[in-house]
Amino acid sequence: MSQRQIIQVFEQYQRSRMQFVQTVADLANRPQNIETLQNAGVMSLLRPLMLDVVPSVQQTAALALGRLADHSNDLAEAVVKADILPQLVNSLDSQNRFYKKAAAFVLRAVAKHSPEMAEAVVVSGGANALVLCLEDFDPGVKEAAAWALGHIARHNASLSQAVVDAGAAPLLVLSLQEPEMALKRIAASTLSDICKHTPQLAQTVVDSGAIAHLAQMILNSDAKLKRQVFSALSQVSKHSYSLAEMVIEAEIFPSAIACLRDPDEYVRKNVTTLMREVVKHTPELAQLVVNCGGLAAVIDYLGDCRGPMRLPGIMMLGYVAAHNENLAMAVILSKGVPQLALCLSEEPEHHIKAATVWSINQIGQHTPEHAKAVAVCSLLPKLLQLYVDASSSEDLQTKSKKALKSILQKCTYLPALEPLLYDAPSNILKHVVGQFSKVLPHDSKARRLFVTSGGLKKVQEMDAEPGSVLQEYINVINSCFPEEVVRYYSPGYSEALLERLEDFQPA
Amino acid sequence: MADLFCLSKEIEFRQEYFYRNSLAEENRQKENHAAINIQSWFRACKVRACISHLHKKAVIIQKIWRGFRARSRFRQMVKAAYFIMKMNFYDEMAVRIQQRWRGYYVRKYVHSFYARKNYLENITMKNEQVRKDLDELEELQRRERKRLEMVKEQKAKVYQAHRLHHLVSTKQRPGVFNSPFRRGPHEMELLLRQVKYLAPTRLTSRDRAFQLGTPGPAAPNFPETLESPRIKRTHSQHSSRPTLPPIVSKKPQTSYTLLQDVQNNLRQSAQLQCIYTAHLCQQDS
């Protein structure tokens with residue numbers, strides 16, 4: 001055999017190895033093949049190929065491994081158990097950029113399934129190696145490394161701390177400034193994942209100067225980038241007042257409101273989440289948002305979207321109204337209460353209803369004006385119904401009861417209170433009757449209306465234990481009317497009259 | 001006889017003396033006591049008179065002194081009561097002033113009704129403004145997106161027209177898009193007439209390879225088409241980069257059918273070998 005033929009044998013082998021890994025990588029793209037591949041023992045075959053001489057075989061083998069680990073938890077565990085991770089981490093330093101990309105892909109695929117997997121990646125030195133990759137020139141490598149770090153940091157605070165300790169934060173902020181859109185997206189998403197756990201982590205990210213760059217990217221046209229940017233800003237601002245203030249100082253507010261009309265619904269949801277997180281800390285921040293016209297935009301947003309997307313908007317209105325009665329009045333004037341009533345009637349899910357009920361409570365609890373605004377939209381019967389309905393969840397029932405109590409204690413708008421006289425259970429009823437007893441002694445027109453609408457009759461029919469609060473209120477109400485009227489409406493009066501008729505002897 | 005008389009008188013005298021002495025002696029105690037009583041009583045009267053005299057004078061002195069003390073105390077009390085009355089009056093007046101001032105201040109600055117009304121009106125106006133602005137912005141963005149879509153559509157149509165240039169109608173024969181039953185020619189027909197015929201340009205081997213979807217010769221061995229789809233390398237990005245001439249490598253250019261060619265060759269040679277061996281066997285047998 002000549003030399004050429006010997007070399008041909010080796011080339012043949014190389015080509016077949018290359019074909020094998022390429023085909024496996026292609027097959028691993030489709031989830032239905034994974035089972036078969038796993039049974040055929042693909043993991044043990046791919047492992048030695050990752051140490052292959054030819055770089056393209058290495059890269060393709062790593063890619064195939066990454067795709068397999070991506071699809072299923074078991075394969076990812078197998079990757080961890082087969083001790084491939086330390087090997088990958090070591091080779092992350094030395095190889096060319098395609099291998100680095102593939103290796104970072106494998107680390108990401110392993111780390112994304114559960115915190116234990118991510119822990120395994122970190123323990124084998126993955127975080128440090130990935131941070132080194134972040135310093136590479138190639139944007140694809142940076143993107144893959146940033147994405148892997150994001151998946152690691154997503155699970156819990158200690159893993160995020162490990163990522164930050166490896167020095168990822170300044171490098172991620174630098175990646176934000178790169179021109180490639182995909183890299184920006186991934187860097188923003190990773191920053192968001194890091195910040196969401198604890199205030200200290202958020203502070204570290206802010207100290208690396210992330211906020212200014214994130215704020216610049218708000219007016220970018222790419223929808224997915226805006227999603228991640230707003231998500232990152234909201235995770236930063238949710239922890240404390242000082243962080244929220246720093247986010248506000250970057251002057252995002254008038255421009256962020258414009259993004260509430262973006263065609264992408266997740267961008268809108270994330271903007272509303274950001275507004276909610278900012279608003280909940282102090283009245284001054286809430287006032288700032290309200291002064292920029294944020295309320296109108298959020299209420300329009302609530303009108304457009306459906307389902308769980310509405311939740312941040314509803315909670316934002318509740319937080320704004322909770323601070324003081326000026327802001328609550330501002331919410332009412334921006335037509336917030338009809339919108340919340342719509343949400344309450346349209347949404348089937350109980351947790352969204354509970355959030356809406358809480359927001360209505362915050363709006364209506366301040367003064368009689370606010371309670372009137374809530375009552376005028378006929379929300380009180382709805383709240384009563386939610387409270388009484390047996391199929392409402394516990395949370396929903398408690399919230400409706402609290403809302404009813406606090407709004408009723410301030411409500412002096414009698415036409416809205418009347419329907420409640422008929423259906424309410426006794427603990428709500430005493431508040432309703434209490435309100436009547438406060439208003440009726442002073443207002444003669446209201447007394448007339450009370451009599452003609454049948455309210456007095458209903459009150460007479462109510463039986464309460466003597467000495468209870470309800471009986472006191474009933475007495476107060478009865479004392480507002482002349483005795484004949486009270487007797488006329490008391491139950492059994494017609495029988496008493498008839499008895500008198502029987503005993504009467506004409507003179 | 002005188003002596004006896006004198007003696008009997010002496011004896012009577014002595015007896016009388018003794019009798020009187022004994023009588024006096026009996027009464028001496030009593031009389032002594034009586035005299036003592038009388039004397040003591042008299043002395044007591046004297047002393048009593050003296051003491052009562054002293055008492056009366058002392059009472060007078062004390063009476064005058066107490067009156068003086070009380071009057072001066074009373075004077076002091078009156079002064080104090082007057083002072084307290086004055087201070088109460090001033091305090092009440094001060095409270096009234098402070099009440100009025102605080103009411104005014106709070107109503108004007110802290111809980112200013114008009115400022116609140118103004119604020120709420122401003123908020124309403126601002127909300128309206130923001131709603132209008134956002135509507136306009138949304139409209140603008142929608143128009144922009146529509147425009148981009150239309151431009152894209154138009155470009156696609158023009159590209160199609162370039163590809164289908166041969167379907168333009170000629171004088172002899174109306175084209176597909178220019179049916180005689182139509183009232184006028186289809187827009188595609190009009191486009192075809194407008195479009196200038198471009199001779200197909202010679203693509204560089206790299207672009208051709210990319211179009212065919214395999215790694216070109218200068219591209220690294222890592223198959224870019226099999227990459228994770230998240231990294232979008234668009235066609236335009238590639239074509240915007242300056243296309244360099246391919247690096248003349250010593251390896252021969254591999255075409256995309258290389259693998260299949262090799263397999264075919266192998267199979268053919270295997271078949272040939274079989275035929276040959278069969279032939280040989282036949283020849284042998």
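Q: Is A:Arg261 buried or exposed, as judged from its relative accessible area?
A: In this predicted model, local features need pLDDT of at least 70 and side-chain atom pairs count only at pLDDT 80 or more, whereas totals for chains, interfaces and linings use all residues. Side-chain values use heavy atoms, leaving out hydrogens and water, residues are numbered from 1 along each chain as its sequence is written, and chains are lettered from A and ligands numbered from 1 in the order in which they are written. Buried means under 20% relative accessible area, exposed over 50% and partly exposed in between, with a 1.4 Å probe and protein chains only. At a relative accessible area of 8%, A:Arg261 is buried.

Q: Which residue forms a salt bridge with A:Arg261 at 2.8 Å, N to O?
A: A salt bridge requires a side-chain nitrogen of Lys or Arg within 4 Å of a carboxyl oxygen of Asp or Glu. A:Arg261 meets B:Asp135 at 2.6 Å, N to O, while the salt bridge at 2.8 Å joins A:Arg261 to B:Glu138.

Q: How many salt bridges are counted between chain A and chain B?
A: Contact, meaning heavy atoms within 4.5 Å, involves 41 residues of chain A and 30 residues of chain B. Over all chains, the whole structure has 37 salt bridges, and the count between chain A and chain B is five.

Q: What separates B:Glu139 and B:Arg142 along helix H2 of chain B?
A: Their side chains meet in a salt bridge at 3.6 Å, N to O, and B:Glu139 is partly exposed at 31% relative accessibility, as is B:Arg142 at 40%. Because these residues are three apart in helix H2 of chain B, their separation is about one helical turn.

Conventions. Helix = DSSP H or I, 4+ residues; strand = E, 2+ residues; numbered from the N terminus.
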